[in-house]
Amino acid sequence: MASLSPPEEAVAASYHHRRSSKRYSSSTSTNGVSAVESAPDKRHKTSHESSSFISPSEIDSEFSHHDPSFARINNGSFGCCPSSVIAVQRDWQLRFLRQPDRFFFDELKPGISASRAAIRRLINAEHDDEVSIVDNATTAAAIVLQQTAWAFREGRFDRGDAVVMLHYAFGSVKKSVEAYVSRSGGEVIEVQLPFPVKSAEEIINRFRTGLELGKANGRRVRLALIDHVTSMPSVVIPIKELVKICREEGVDQVFVDAAHGIGCVDVDMKEIGADFYTSNLHKWFFAPPSVAFLYCKRSGSGGNLHHPVVSHEYGNGLAVESTWVGTRDYSAQLVVPSIVEFVNRFEGGIDGIKRRNHESVVEMGQMLVKSWGTQLGCPPEMCASMVMVGLPVCLGVESESDAVKLRNLLRERFSIEIPTYYRAPGEGETDDDSITGYVRISFQVYNKTEEYHRLKDAVNELVRDGFKCTSLTD
């Protein structure tokens, strides 16, 4: 059988920038995954090499393919991938193109199994077969909701039984709920969450109310679909508490949509306790687009899950079904061990990266609200590597269309990539006296503080010029 390790030249690329710098140390284990066991190259390393550090200049080199003319402070939307991982991915692609038969019969499944094992260690799952690798969190949601739809159609769930989800669920997931649950006879309950958020208790109380509504008139709540980190507006949800409430209230199954999970917040399957959990790896875990995992608790009904693209492995379990869905590029799924090696070049591994990103994004958010005279969208402890920052009221963000036009303006005139958000005024508020416009800033290892000051200055320039969103055309 062919070796599963990337060839020598690709491995060399992943080590190209190792030099000493205290701030970015380490090869220490992270969630049970050590640099030694995850590295694609098994050559002996000296103690000096195994404790080497990545420096700021080396980080710049890893992300030198980013457009330097833009302030890229929107990692949350599309993520990032370092050059060393891109090199390994490219080699996997060439392996297939050089000799497809050998790749298919000898390398693909073992390579994906190695990635699944690395993910299992990262998320503290019990078994490798609880982990399936799929394209993205949207695909994972379709897999889980497809099972729910079959249960309604086959009479295992009663028509009108409920699926409870958060109002701020991601748009594509809402569409999947509509396509699979509503069309199959399920009742969808959306839990309305406050924004800005003042405390986790607000979310917990609203969620309890949503479950009560789902159970009204003798209905059963068959599935709770809960975000770990909502996308827009971005808030870290008290997921462990909500899963515990679901268990106490007799909810059949809990599915956590954590598109922004791994690399952004703590992800431990045994502590969270959900039946299903999905997270993209290309957003905050440095994977090339696109790759995600779907965790299915072994003791649950995960055996009834199937990939929506049916191919030759149908019926062999979701993890195996997902390894082959036809001829396509599987390279993003194969580089996970190399990504683990990359993150372990940083002090504290992925946990250290998460901590520093959180501290930095809070610092930058507070700098912006001080300059603009606004507020954060949630307490610092309820954001991870992203935070919502209120825009000056005088900009006149009065609709979702205004928010989109402002985003385009910031990109086209100021070369700043940043998502914008419109928050409708609450009861007793008006557009003239409440903050209705927000930006969502992200912080990843490649970001620098001057990018956020650039955003600050751009918005302050618009304010000085008397700009209003009504002046923009579609």
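How many bridges join β9 and strand β12 (residues 437–442), and in which sense do they pair? The views below start there. This is a predicted model, where local features need pLDDT of at least 70, side-chain atom pairs count only at pLDDT 80 or more, and totals for chains, interfaces and linings use all residues. Residues are numbered from 1 along each chain as its sequence is written, and side-chain values use heavy atoms, with hydrogens and water left out.

**View 1. β9 and β12 pair in the antiparallel sense over five bridges.** Here, helices (H or I, at least four residues) and strands (E, at least two) are DSSP runs, numbered from the N terminus, and two strands pair if DSSP finds at least two bridges between them. Look for methionine 386, which stands opposite serine 442 in β12.

**View 2. Three strands make an open, antiparallel sheet in the order β9-β12-β11.** At the edges sit β9 (386–390) and β11 (420–422), each pairing on one side only. From one strand to the next, the twist averages 30°. Helix α16 (residues 349–372) lies across β9 and β12, running at about 5° to β9. Axes are lines fitted to C-alpha atoms, for helices over the stretch in contact (heavy atoms within 4.5 Å), and angles run from 0 to 180 degrees between N-to-C directions.

**View 3. In helix α16, lysine 354 and aspartate 351 sit three residues apart, about one turn of the helix.** Their side chains meet in a salt bridge (3.1 Å, N to O); the term means a side-chain nitrogen of Lys or Arg within 4 Å of a carboxyl oxygen of Asp or Glu. Lysine 354 counts as buried at 9% relative accessibility, while aspartate 351, at 30%, is partly exposed. Buried means under 20% relative accessible area, exposed over 50%, and partly exposed in between (1.4 Å probe, protein chains only).

**View 4. Helix α11 (residues 239–248) holds both glutamate 248 and lysine 244, four residues apart.** These two form a salt bridge, with the closest N and O atoms 2.6 Å apart. Glutamate 248 is partly exposed at 47%, and lysine 244 is exposed at 52%.

**View 5. Arginine 328 and aspartate 135 link distant parts of the chain, 193 residues apart.** Their side chains meet in a salt bridge (2.7 Å, N to O). Arginine 328 belongs to the loop between α13 (318–321) and α14 (331–334), aspartate 135 to the loop between β2 (131–134) and α8 (137–153). Both are partly exposed, arginine 328 at 29% and aspartate 135 at 24%.
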